[in-house]
Amino acid sequence: MIMERKRMDCPALPPGWKKEEVIRKSGLSAGKSDVYYYSPSGKKFRSKPQLSRYLGNSVDLGCFDFRTGKMMPSKLQKNKQRLRNENFSLSKGKPDLNTALPIRQTASIFKQPVTKVVNHPNNKVKTDLQRATEQPRQLFWEKRLKGLRSSDVTEEVLRTMELPKGLQSVGPDTTDETLLSAIASALHMSSAPITGQTSTAAEKNPAIWLNTAQPLCKAFVVTDEDIREQELKVHQARKSLEEALMADGLARAAELTRDVGVEGKTSA
């Protein structure tokens, strides 16, 4: 991938700090850019939280815009106004007039119905399991994941998977990145088979005929040959892992034997 790098001084940070903007010139993400900051000692920072932890209380980054590298007082003012509005709304104590059964919001991805208790004599409240599980979904909600990229423990961005050519996206302004997010979400959140959009009408007008229970791709079929190829890849990966573990065990045993021999000679 061809990238253009621009590094410049950042007046909003202490002297010696540099801002770097990396613009992608090719590939599916051409035109997008990533922003990094470098300390005077050359340490690289990829996000505002990293920058805040490093600088501590020496620099107030409350109104610092990470992408532009400038202090934005208006941004801080908007945050303060939003907090004031939220506190004011809580202090008013409006009654809850919503009659729909609430859904427990927990770290679990599985929805759990709860009982809504109303203080009224002889009132029997029951959970509606069907209503709790069949909640409407926003169209093309997977596009909200656009731009989010996974990274390893060293915060290096992982390489994006390459999807098979048979998978074709459905919907406006969809990319391979959006399609990958849609398929991964469907596999994670649904117990039904993943078939894609089986109706041809979805390709003509996805805003009306899209099946929200399926990912944003045209219908596809997984053949027995595809399954055998994946099984072979898993077998090869397990074999490589086994060989690596054996080699590591032999190297540790040899090192231990060598250390014991050196210690014996020293004692003699």
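Reply: Asp65 sits in strand S5, which covers residues 64-65. The model is predicted, so every value here is computed from predicted coordinates. Asp65 counts as buried because its relative accessible area is 19%, and the cut-off for buried is under 20%. Its side chain has a polar partner. The side chains of Asp65 and Thr68 make a polar contact at 2.8 Å.

Next, the salt bridges. A search of the whole structure finds seven of them. One joins Glu4 to Lys6, with the closest N and O atoms 4.0 Å apart. Glu4 is partly exposed, at 29% relative accessibility. Lys6 is also partly exposed, at 36%.

Another salt bridge links Lys18 and Asp9, where the closest N and O atoms are 2.3 Å apart. Here Lys18 is partly exposed, with a relative accessible area of 31%. Asp9 counts as exposed because its value is 54%, and the cut-off for exposed is over 50%.

Asp34 and Arg24 form a salt bridge through their side chains, at 2.7 Å from N to O. Asp34 lies in strand S3 and Arg24 in strand S2, so this pair ties together parts 10 residues apart in sequence. Arg24 is buried, at 8% relative accessibility. There is also a network: Arg5, Arg7 and Glu20 are joined by salt bridges that share partners.

Arg24 and Asp34 come up again in the pockets. The largest pocket holds about 1,200 Å³ of space. It is lined by 37 residues, and those closest to its centre are Arg24, Ser29, Asp34, Arg149 and Val157. Which elements supply at least two lining residues each? They are strand S1 (3-9), strand S2 (18-24), strand S3 (33-38) and H4. S3 gives the most, with four residues. By type, the lining divides into 15 charged, 13 nonpolar and nine polar residues.

The second largest pocket has a volume of about 790 Å³. Its lining has 21 residues, and Leu163, Pro164, Leu167, Val222 and Gln230 lie nearest its centre. H4 contributes here too: H4 and helix H7 (224-267) each supply at least two residues. H7 has the largest share, at five residues. This lining divides into 13 nonpolar, five charged and three polar residues.

Helix H4 runs over residues 176-189. Its 14 residues, at 1.5 Å a residue, should span 20 Å, and the end C-alpha atoms are 20 Å apart, which agrees. Which residues of H4 are buried? They are Thr178, Leu179, Ser181, Ala182, Ile183, Ser185 and Ala186. An α-helix has 3.6 residues a turn, so residues three or four places apart point the same way. The buried set can be read along the helix with that spacing in mind: it includes Thr178, Ser181 and Ser185, and also Leu179, Ala182 and Ala186.

How values were computed:
Residues numbered from 1 in each chain as written. Predicted model: local features only at pLDDT ≥ 70, side-chain atom pairs only at ≥ 80, totals over all residues. Heavy atoms only, no water. Buried < 20%, exposed > 50% of the residue type's maximum accessible area, 1.4 Å probe, protein only. Polar contact = N/O pair within 3.5 Å; in protein donor to acceptor, adjacent residues only side chain to side chain. Expected span 1.5 Å × (residues − 1). 1 Å grid on protein atoms, 1.4 Å probe; cavity = no way out; pocket = protein on both sides within 12 Å on 5 of 7 lines; lining within 4 Å. Points joined across faces, edges and corners; volume = space filled by probe spheres on them. Nonpolar A, V, L, I, M, F, W, Y, C, P; charged D, E, K, R; others polar.
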